[in-house]
Amino acid sequence: MSGISLALSNALSGLMATTGQTVVTSRNITRANDENYTREISTTSTSASGGASLDPTQRAADKKLLDALLQSTSMSSGQSTLLDSITAISNTVGDVQDDGSVAWSIDQFQQKLQAVEADPGNSTLASQAIAGAKTLASALNSASQVTQAVRSDADAGMAKSVATINDLLAQFQKLDNSIAGNSLDPDSRAAAMDSRDAVLKKLSAEIGIQTVTRSDNSTAIYTDGGVTLFDKSPRLLTFSASTTLTPGMSGAPVYADGVQITGSSSPMPSKTGNLVAYAQVRDQIAPTYQNQLDEIARALVTSFSEKDQSASPSQPDATGLFSYSGSPAVPGAALVPGLASQIKVNSAFDPASGGNANLLRDGGANGAAYKYNTLNVAGFQGRLQSLAQAMGQTQSFSASTQLPASNTILGLATASAGWVEATRSDADSKATNADATQTRTKAALMSATGVNLDTEMATMLNLEKSYQASAKVLTTINQMLGDLFQVIR
Amino acid sequence: MVINGISTLATTLLAQDSMSSTQKKLNDAVTEQSTLRHADVGLTLGGNVSRNLNWRLTLSQTTNFSEANAQALARADALQTSLDATKTTASDFLTSLAGARNAVNGQALTKQSSGLAIDAVATSVNVTYDGQYLLGGQNTDVAPLNSYQGGTAQTSFDTAFQSFFGFSKTDPAAVNITAAQMNLFLQGPYENLFQSSSWSANFSNATSNNLQSRIDNNQQVDLSANANETPIKDLMRGMVAVQETGSGQLNSAAFQAVIDYSMGKISGAIQGLGATQARVGEAQQTVTQTNAKLSSMKTIVEDEIQRTEGVDPAEVATRVNNLTSQLEANYTVTGKLAKLSLLNYI
């Protein structure tokens, strides 16, 4: 009799175990299209009574591959953010054949100036040269404006990134604490671990991270610079966004756990992720480009300034065709932050605002002492010749442009365009590589931890057969018991 | 480790990824096929953008200089024509002087022909081109030569004559002027009337510095002449002397002294004008050579731009074909993979 009842209880345990495995398989199938889902594995083993018993469900997690994915995600998202910002800056350069750029505007203005030089008495040509100068000034203004917009956007991006990171760390804390606290049933625990990995993936897009899993399954997060972001509790990031960012003004750095993690003076700088990319744009790339624009503007203002023409000069040099907020004082040899956003055509020269375009030929915008054309002849060429010469002369530029220190104005402008495109080209190839790496590591992780529907279907078929067999055993035992009762009666 | 096939989701994502990257490449290739330049020239060139930008700006400047130089040459041609006309007037006048030297009515003849010559020279020297006076130096908007008759130039002559001889030029006493006296007057006070300050005050509005023409970024040439140059002064000296001295009342010795002086000045002026024409001609030659240089540079730069920014039409056509086939293959394989599921067999 004990044989039959043992068979009965074994068959029953088989049914139970199969049902349990089916639950896992069905969960695998249901969530096959969730890229954050880690496949679960349910196995059985022999129970003490010889029946089947369900082992605890295992997750097919792979920390090495996850770490690789986190790292490549930081690289990839950082590089793509960097590329977006640089592309915005490079739009001010445009295609080399289009004439919207600063370099083209300088060239066109130079040609118009030469036309006036060839025919100084022609005031139509002079007006055209003034129009060319206005185009040039506004090209510098708008390039400077774009650069500052990119900087402000980067600053706002840093604020948003910091908020996202802090939010994710708070989510992470809840999940991590519940996992480490062992208060969850195995199913919820697996789900919580999936969610925790998903949070890590999101976090890695914002900032490069390294994780360490402790024996109680809790996870500590460090930045790739080594600063603690989370260990049992989050170390929140602090950052104060700038309301306005003017050229030459630097934005605030980001602190984590009291340590500065962005900027050149950071002891443990973060290396990858959106946050770092934004900081790099705000603190390095955009300011360098702004410096280049400012130096072009400064060279223009200086080259077109007027000198006292009196027999015994007593007046200081004064700005001529191009003026700026410091006019009439001529800027010195040092970089003037934001000059490119201020440069404009002196209205005394501009026929559209009641000025006299012939001042370009005659000089004297700052009073009679500055007048070059003392004979008052229409074909006066002296001033125009020296202006044309100044445009072609090499000048010294600040090292903060990261361009050769000695150049012509036009040479600086083309070098600047080259610098922008070189930076973009470099960022583009890095972004492409990082993206490819990220795709590969993601595929590797998903292959190791994701769900293959065919495998699950095959498992399902096995389970179905095994369930049918156990059920058959039950009915057979039932039959046997029925037969036995028949005999007794 | 449980061996698991590649995840179903990964297969789909990878296929999507590969398709979208192929599509992007195809898109770029199609753009390149229509423009025959790289899809994103700035990205392809990278730091070489500054080099190509320089080439393009050089190209634009070269074109601009070619046009400006053509204009400058046309202006120089107009100047040459005007100098030719002045020279012709001068040599005609010279011929008439030679004929009148010994003629009975020589003084009347030369008085008339010199008056005409003065007007003709004023007309040819005061020639304009495109609204500019060609011989005005840098004073391009004022006629270089003032009208002699009734102007301050004539007054200055009258004063000089009066103070030298003690009577006015119309006085019959002029008949007593000897050849020696006449020569003394012509080479002294008369000559001085045409010296720089008196010349600029009475005869000419031109400046002595010419308009320079910039023919490329680093080169300027002088394609002009101005009315203050010696030949024009000599011409006026020769013509005014005959026109004004003695007013037809000179004795023949004094008259011949005037004619001799005048012929000397005018033949000098003809040579001088020839020299000016040669100087301008040489400058024109320089401009023509520069234009040839600019045009060959333009060809070189255009080739370089094409080489670095352009794409090979044959290569890009092949690339479009390859990418299209690749994309089609992608679609087919993805379609087949999607159908390939155990679900379809149970």
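Trainee: Between which strands is Asp257(A) found?

Mentor: Asp257(A) is in the loop between strand S10 (255–256) and strand S11 (259–260) of chain A; strands (E, at least two residues) and helices (H or I, at least four) are DSSP runs, numbered from the N terminus. This is a predicted model, in which local features need pLDDT of at least 70 and side-chain atom pairs count only at pLDDT 80 or more, while totals for chains, interfaces and linings use all residues. Residues are numbered from 1 along each chain as its sequence is written, with chains lettered from A and ligands numbered from 1 in the order in which they are written.

Trainee: What is the phi of Asp257(A)?

Mentor: Most residues other than glycine have a negative phi, and most peptide bonds are trans. Asp257(A), however, has a positive phi near 55 degrees. In chain B, Leu36(B) is a non-glycine residue with a positive phi of about 60 degrees, and lies in the loop between H1 and H2.

Trainee: Why is Asp257(A) classed as partly exposed?

Mentor: A residue is buried if 20 or more other C-beta atoms, placed from the backbone, lie within 10 Å of its own, exposed if 12 or fewer, and partly exposed in between. Asp257(A) is partly exposed because 18 other C-beta atoms lie within 10 Å; Leu36(B), with 14, is also partly exposed.

Trainee: Which residues does the cis peptide bond join?

Mentor: The bond joins Ser327(A) and Pro328(A), with omega about 5 degrees. Pro328(A) belongs to the loop between strand S12 (322–323) and helix H7 (339–342) of chain A.

Trainee: In what order do the four strands of the open sheet stand?

Mentor: Strands of a sheet pair through backbone hydrogen bonds, either parallel or antiparallel. Here the order is S5-S6-S7-S8 in chain A, with antiparallel pairing; two strands pair if DSSP finds at least two bridges between them. Strand S5 (209–213) and strand S8 (233–234) are at the edges with a single partner strand each, so one side of each has no neighbour in the sheet. S5(A) is joined to strand S6 (residues 219–223) by five bridges, and Thr213(A) stands opposite Thr219(A) in S6(A).

Trainee: At what angle do H3(B) and H9(B) pack?

Mentor: Axes are lines fitted to C-alpha atoms, for helices over the stretch in contact, and angles run from 0 to 180 degrees between N-to-C directions. Helix H3 (residues 49–100) and helix H9 (residues 252–309) of chain B pack at about 165 degrees, their axes 8 Å apart.
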